[in-house]
Amino acid sequence: MLKHTISELKEALICLEAGQVTLPYPFQPHPPDENFRGKPVLHTRKCMSCGACGNACPARLISIRDEAGIRTLSFELGRCTYCGMCRDACPQEAITLSQQFELSTETPGDLLIRAEFKLVTCRECGHPIGTERQVELVREKLKASDMQLLDMSYLELCINCKRKIFIRTPALMLEVVS
Amino acid sequence: MQAWRIREPVMWLTEYLTGNRKTYGMNRIGGVARDLPPDAMERILPVIDKIETQSVQVVDAILDDSSLRARLEGVGVLTTEDARAYCVIGPTARGSGLDIDARRDHPFAAYDELEFEVCVEHGGDIWARTLVRIRELLQSIKLVRQALKQTPDGAVMADFDEIKPYQVGVSSVEAPRGEVHHYVMTGPDNRPYRWRVRAPTYNNLQSIPALLRGQTIADAPISVGSLDPCFSCTERIQVVDRDSGEVRIYKQAEMLARFRQKGR
């Protein structure tokens, strides 16, 4: 009996010592740790829609579709596990995992990210060769490197037409600027 | 409730170390996603010390609490024979006197380099399972301390070539509720082709008929709770028709109505 009383007193002491431990959340915001992996955010200005994220995504929630001159990149976040593989795979650092964690919803559309990019078509055959941003990036990279294309319009060709034109006029090719 | 209070700093710690409280997302093929941050030691050790002192304090207080003992002793008894027959695992098995633990029996990760005790109790009742969990808590703290001291420096990812498709891998790991088995078959495009998980609650829940036999209704909730079952916290389901692509969402009320109809 005495043992029991002592143990009850100990329990009461622990509770008293702890005091109030609950946080005022959800009445006040509760910011997560800065390392937190929350809802992925796509920075469309940086994205060149290469699809590396879609290849890396284990849950296969990132899809890429080319249709009517538009490339659509969509994230169905209902299946997201916040692993961050898409962020790690992105060459443009266009995906970050945000601090957002209150994603519960009854409308699946709330968890959909869609980005549309204009496709550039080959000036010879009309086959899509990539998005405007991709072609622009190649142009920028070429400018920054010590290789120069003699004819920049070469970039507006698809891989097959590039080959054909190259066979006809190899002089179009790269020249090393010293 | 005090145990939840003591646990919370651990959740904050895992959020800082892995980026989430529960779904750590650390395991990758070839290694782990993140290295420990440089100040990890300074942040982990005080938390470990604190939960140890606080847990010991709470354990010390409840062990002599006769009302708690009266409520838990002799309730939800799973005999050693039943435990073996139902193939229960983890603390449920160890509370019934079965000396099994995947960390010692099939060492994985670095468990063969660490020292720990497999906690076994012979009562088979809720009190015994509680004691197993309490002792395991203290063992886990010991394991974390050893691991922090012995983890070598170096890369957190190994180099590997492409992953061959249609290869099979099976692993068993001792999770808090018992052995968890994962089966994976690799597929093309660096993705899994098949993946099957056998979580420990699947085994442990099978013992419910034996646990509840001859008991009052009032004992049922704590008996089931003492297995620490992990149910899916689902209040809606999404059904996709593969042929038409049509998506239909069943909300809580509809699901309840449907299952009640079935139950009649």
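Predicted model: local features only at pLDDT ≥ 70, side-chain atom pairs only at ≥ 80, totals over all residues.
Chain B comes to 11 helices and seven strands in its secondary structure. Of the 264 residues in chain B, 35% count as buried.

**Chain B at a glance**

- Taken along the principal axes, the C-alpha atoms of chain B fill a box of roughly 60 × 55 × 35 Å.
- Take the contacts in chain B with a separation of 6 or more: residues 24 or more positions apart account for 54% of them.

**H2(B) against H7(B)**

- Helix H2 of chain B covers residues 40-63, helix H7 of chain B covers residues 126-150, and the two pack at an angle of about 160 degrees with their axes 11 Å apart.
- Angles over 145 degrees count as roughly antiparallel, so that is the label for H2(B) and H7(B).
- The crossing of H2(B) past H7(B) is left-handed.
- On the H2(B) side, the residues making the contact include B:Met41, B:Ile44, B:Leu45, B:Ile48, B:Val56 and B:Val59.
- H7(B) answers with residues including B:Trp127, B:Leu131, B:Ile134, B:Leu137 and B:Leu138.
- Sorted by class, this contact has 17 nonpolar residues, one polar and three charged; B:Asp49 and B:Glu52 from H2(B) and B:Arg145 from H7(B) are among the residues taking part.

**H1(B) against H2(B)**

- H2(B) also packs with H1(B): their axes come within 10 Å and cross at roughly 165 degrees.
- These two helices are therefore roughly antiparallel as well, and H1(B) passes H2(B) in a left-handed crossing.
- From H1(B), the contact draws on B:Gln2, B:Arg5, B:Ile6, B:Pro9, B:Val10, B:Leu13, B:Tyr16 and B:Leu17.
- From H2(B), it draws on residues including B:Ala40, B:Arg43, B:Val47, B:Gln54 and B:Val58.

**A closer look at B:Thr18**

- B:Thr18 sits in helix H1 of chain B, which runs over residues 2-18.
- Buried means under 20% relative accessible area, and B:Thr18 is at 10%, so it counts as buried.
- Its side chain reaches the backbone oxygen of B:Thr14 at 2.7 Å.
- A polar atom of the B:Thr18 side chain also lies 3.1 Å from the backbone oxygen of B:Asn20.
- Leaving aside residues up to four places away in sequence, B:Thr18 touches B:Tyr24, B:Met26 and B:Arg34, plus A:Arg37 from the other chain.

- You'll find A:Arg60 in the loop between helix H2 (52-56) and strand E2 (62-67) of chain A.
- A:Arg60 has a relative accessibility of 45%, so it counts as partly exposed.
- Phi of A:Arg60 is near 50 degrees, a positive value in a residue that isn't glycine.
- Not counting residues up to four places away in sequence, A:Arg60 touches A:Arg79 in its own chain and B:Arg191 and B:Pro192 in chain B.
- A:Phe75 is 15 residues from A:Arg60 along the chain, and their C-alpha atoms are separated by 9.1 Å.

**Other backbone details in chain A**

- A:Tyr82 isn't a glycine either, yet it has a positive phi of about 60 degrees.
- The loop holding A:Tyr82 runs between strand E3 (70-76) and helix H3 (85-89) of chain A.
- A:Tyr25 and A:Pro26 are joined by a cis peptide bond, with omega about 5 degrees.
- A:Pro26 belongs to the loop between helix H1 (2-18) and strand E1 (40-42) of chain A.

Definitions and conventions. Residues numbered from 1 in each chain as written. Chains lettered and ligands numbered in written order. Heavy atoms only, no water. Axes fitted to C-alpha atoms, helices over the stretch in contact; angles between N-to-C directions. Helix = DSSP H or I, 4+ residues; strand = E, 2+ residues; numbered from the N terminus. Parallel < 35°, antiparallel > 145°, perpendicular 65-115°, else oblique. Left-handed = near helix turned anticlockwise from the far one by under 90°. Contact = heavy atoms within 4.5 Å. Nonpolar A, V, L, I, M, F, W, Y, C, P; charged D, E, K, R; others polar. Buried < 20%, exposed > 50% of the residue type's maximum accessible area, 1.4 Å probe, protein only. Polar contact = N/O pair within 3.5 Å; in protein donor to acceptor, adjacent residues only side chain to side chain.
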